[in-house]
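Colleague: I would like to learn how to read a model like this one. Could you take me through it, a feature at a time?

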Amino acid sequence: MAFRDLPIKRKLVGLMLVTSLLVLFMAGTAMLIYEYQSYRREMAAKLTAMGLIVANNSGAVLGFDDENLARAILSGFRVEPEVTGAAFYDAQGRLYARYPATKALGEFPPTVAEGETPGFHRTHFVLYVPVNQGEKRMGTLYVQADYRQMYRRLRTYLMILAGVLVSAGVLGLMLAAGIESGVSAPLLELANVAKIISRRRDYSLRVVKRSRDEVGTLTEAFNTMLGQIQSRDSKLRDSEKRFREMIDALPAAVYTVDPEGRLTHFNPAAVELAGRIPDLGTDRWCVSGRLYHTDGRPMNLEECPMALAVKEQRPVRDMEVIIERPDGTRCWVVPHPTTLWDADGRLTGGIDMLVDITERKNAEESLRKSEERFARFMQHLPGLAWIKDLGGRYVYANSAAADVFQVARERLYGRTDDEVFPPEIAATFKANDHAALASPIGVQMIEELKHRDGEIHHSIVNKFPIPAPDGRPLLVGGMAIDITDRKRAEEALQRSEARYRSIFEGVAVSLWEEDFTAVMEAVGKLRAQGVEDLRRYCDEHPGFLKEMRGLIRVVDVNESTVAMFEARDKSELLGALPDIFPDASLPVLAEELNALTAGSSFLQGEATLRTVQGNTIEVLFAMSLLPGTGEYDRVLFSLIDITRRKKVERALHESEHRFRMIADHIPVLAWTADPLGHGTWYNRQWHEYTGMAKDNEAGMGWEALHHPEHRARVLHSLEQSIAAGEPWQESFPMRGRQGQYRWFLSRAVPIFDDAGQLLRWFGTAVDVTDVREAEQLVAHLAAIVESSQDAILSETMDGRISTWNRGAERLFGYASEEVVGRSIAVIIPPERWDEDVAIRRRQAHGEGYEHFETVRVRKDGSRIVVSLSVSPIRDGTGATIGVSKIARDITDKKRAEEELERALQSARSANRSKDEFLAALSHELRTPLMPVLFTVSMWQQDETLPEKLRTNLGVIRRNIEIQSRMINDLLDLSRIRANRLELVFGVVDLHDIIGRAVEVCRGHPKWGEVSIQVLLEARAHHVRGDADRLQQVFWNLIQNGLKFTPAGGRITVQSSNQDRLIRVSVSDTGRGIEAESIDRIFEPFEQCGRRGKESLQGLGLGLAIAQRIVTSHGGSLTVASDGENQGAVFTVELEALLPDGPELEAAHSSLKEQEA
Amino acid sequence: MKEDASLTILLIEDHDDSREAIKNWLEWKGYRVYAATDRQTGLELARKHPMDLLLCDLQLPDGNGWEVLEELKTLGPITGIITSGHCSGADMARSKAAGYLEHLVKPYPVEELMALLGRVEKLVKGRKPR
């Protein structure tokens, strides 16, 4: 530990001890040294003095030579403990006497002369004193002393010093304790107090001032500071306390949080709101309540307004939150979060006040519900309802009221009767309102008002005051029920009742007024028991209807009834009721009950009843409910006797109905005609087909429907049949409603009565158009199929042959009779049977095949290759019922194709191998030329060789080059012949090419002998082509010219433009070409017309190749010559690129890029 | 072999007589020539001596001239002239694509080769200014 870090106490003690001990030590040492020095000095002085004394007194002794005396004198040194020895030497330096006598002689110096030097030695002190007697030297006294005495004293001294040091140390430590209590203790105390204060934050603590020194001053200053802090702290605490008290006293829940959202304080209201005592350690914002948004969605605690306010440090206002307590109850609160900052602007947390608005919300909600209920109630009130304030202004009206007042509700509110109604009505209403206000329970009266229908309506109106909470009237309520209709109905009823009575008795039909009340009660009971189907119940319980019959009370019958039922008077009739309504009529009663329970008030039907006399009568009855006092107390029955009419009707109806039914539903046109043939009736199908109107049917001329071509024939035969009274049959076209004609097969048969009298004709016409057309179509198709050269056959879905045409007979060798009905497998090779199954499966999905190549077997077992087209056969519903196949024999075609393909293949491969061979050959031919060419070239240029040899070497070299070129030409030609000349197309400047070609010809032996003139005059001189090949063309042409032009001749190469063409002519003044040869000049190996020594050079392929190259470029190479020795002109024509064309521009720009 | 030869040429040619003749010619013309019969030997030579020009036959016993140039280019800048007994346009196009300056069809006149060497000399001078 560094000295710096030692406690002050130790530092002080250490310093003190070191200082004091050091001082003591130094002092002790100084004294020791001084003591040592002074002792030595003293000893020297003492011994010298003693020596002198002894020496002075010994002169005589020596003179007397008294040895014993000398020894005695010497023994006087005994008193000095330091003296270890003494001796007398005589004048000659011989030892005379010594002290102590026992001391060995040798320990003394043998002679004085040889003696040690006097003075201090390391271990002893030596003194020589001369012994004189008078002036005469008698001898020498030798004294030797050691330092024992001195050392003893020094030891003692040292021990004392040590003792002093130790006691000084002890004293120092004791003093240090004093220092501690005086200096460091107060400081420690100060520090201790500061520590306690900082821990407890109790600023009331003070440090006791114990001295007036610096520590005292420090203590004082510290206490002063504490005083200030305490006063500030107590103020702060007061303020905090007040703040907390205020918060605690607040009726709203308040809590504070630290910036991390941990709860730091809460008030009692918050405890109430949270429904538990929050925990400062764990709870967070909103006292960690379960939160919801006002629309019921759960809210994340970390998104509550307080959290948002603290985290985002922005004000959060007007956000309502629902907090759910642990017991499940909910509070609707409005948080008022505020962030808290300290003086330095640091966020220290937030305070949130949660104002509980649950009650308000509940009140609002119940108010809203109550208002909604009120509004709904009012809207569904059958009458009018409204409320006015004391000033007569409408504050509420239901829609019925608004409707009757003929004012929209929003316009009604705030207005008074004066503004809404005519003055006199408004006055009445106001007067009634006043009356209502005057009465605590309100008033009832009838008010009149003209309604929308323009009539005055009467309403029962209740008006009543609506009091304010203090009991005084606040509003006037009004409710009205329109009684106009009821009033009218009552009046009408009275009138109708009177009328009814008079009719009831006077009418010719039987009228019964019956009371069904009891019956309906019984029925009602039944329904209450759960019986729903009354008819079934009646069927299952036959006794029920009988019982019901007994419950019907006949109120009244009229006179006509008495007559109808053959009674003498009403009483006889009413007494015989069970006879009149026999059991057979009970089902009618069931119907009646059913109708009544179903709520219908009218029923019509027929019933069979009995008269009082026992005769059966059939009646048509009508039941209707009359308005009465109860629901079913006045059921009116009217009965008409239809007994006779029914009988006739029944017979007639039956036969007619039967006939019509049949006639209208048979799928043919049908008609009847009178004996003379005039139509009397036509069936529905007839009308539908012809489009003739129903009401126009009797006697109309259906002749008009006939086709003009057939009319005469048909009518004639019909007339004959009618005249003869014999059945008729004819086929003819007849016009339909759209004007179309269809073919009908018509028949007519006469109908006779029992007496054999012709009653009428009954005719039918069947539409046979489709049949006729189908027949024709079938005939056509059959003819086509039969005449087809292809085999056409069909098979059923199970693979049986169903049709087989003549083509099939020819192709497969089977006659139709032989194979129809047999499996298709007879013509399929066994290994391909699966194929046919697959075909049929595919057909079942409605998919066909076209020109599907396969193999079939003929009857004779030979195989044929056929092209098969397969398509599904469908029935009228679209279902696949079979497969039709068309097979064509392609065996020969197939064979031919295969042969052709084989031939092509071999030709191709032959060609390819020829090419490859040629390529290899040319390579092999050329390779050996290389070393020769190089070696010859080298020698040719070697100037050390003789000139003549070098010239000859030139000949060798030229010929090698020619041979190489010939090989090239051969290869090119073979390529051209195989159409395998490869051209690499690009934009080419022909002028450039020509220049290069001329340049290459420089090596030609005739160069210099024949002048070459180049006239490049074409403006557009670019073409699309292969630069190397085109160069080859011009090189060939110039070479050719050089070859056939004698020395002194001239070759002219000239370019020009002709339309879109560039024309390059190479003309020479050479031997020209004979007319008969000019046609063959471009043929390979042809050197026609140019025989001579020149023809030996080359194979004559150059021109042929040149022409093919030009042709491959889409151009032309032609030759012209005026004959022998007239020279020749070769002309190349190629399509030139336009100077400003896109291709050329692109080429230029890419050229520029390359240069760049 | 001249010490101040203007070009160092790697000649790869499998036809022995041709190789000897060309080598003689080139050396006679003052070029420093390293001759190889196949691709592998050529590559080894090129690794030992920096070459200015590759004069290479297209068909080699162990590869082709296009590959050789590609491999040599990884060693340093070099100009290539390829020679072959075939003169197919496709081959020539491919030679250009492989980076060869010229594709000469054998047997080519020495003048043609000399003209090309003149061009190459200029190129090489531009490449390493002295």
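Modeller: Gladly! Let us begin with pLDDT, the predictor's confidence in each residue, from 0 to 100. This is a predicted model, where local features need pLDDT of at least 70, side-chain atom pairs count only at pLDDT 80 or more, and totals for chains, interfaces and linings use all residues. Residues are numbered from 1 along each chain as its sequence is written, chains are lettered from A in the order in which they are written, and side-chain values use heavy atoms, leaving out hydrogens and water. Chain B averages a pLDDT of 85, and 92% of its residues score at least 70. Where pLDDT is low, the predicted coordinates should not be read in detail.

Colleague: Which ipTM and pTM does the predictor give the complex?

Modeller: The ipTM is 0.83 and the pTM 0.31.

Colleague: Which side chains meet in a salt bridge between the chains?

Modeller: A salt bridge is a side-chain nitrogen of Lys or Arg within 4 Å of a carboxyl oxygen of Asp or Glu. The rule finds 1 across this interface, and Arg957(A) and Glu111(B) form a salt bridge at 2.1 Å, N to O. Helices are DSSP runs (H or I, at least four residues), numbered from the N terminus.

Colleague: What about salt bridges elsewhere?

Modeller: Over all chains the count comes to 64 salt bridges. One of them joins Arg996(A) to Asp992(A), with the closest N and O atoms 3.8 Å apart. Both residues lie in helix 30 (residues 990-1000) of chain A, 4 residues apart, about one turn of the helix.

Colleague: Why does Leu154(A) count as buried?

Modeller: Buried means under 20% relative accessible area, exposed over 50%, partly exposed in between (1.4 Å probe, protein chains only). Leu154(A) counts as buried because its relative accessibility is 15%. Leu154(A) lies in helix 3 (residues 148-200) of chain A and touches Leu32(A) and Tyr36(A), not counting residues up to four places away in sequence.

How values were computed. Helix = DSSP H or I, 4+ residues; strand = E, 2+ residues; numbered from the N terminus. Contact = heavy atoms within 4.5 Å.
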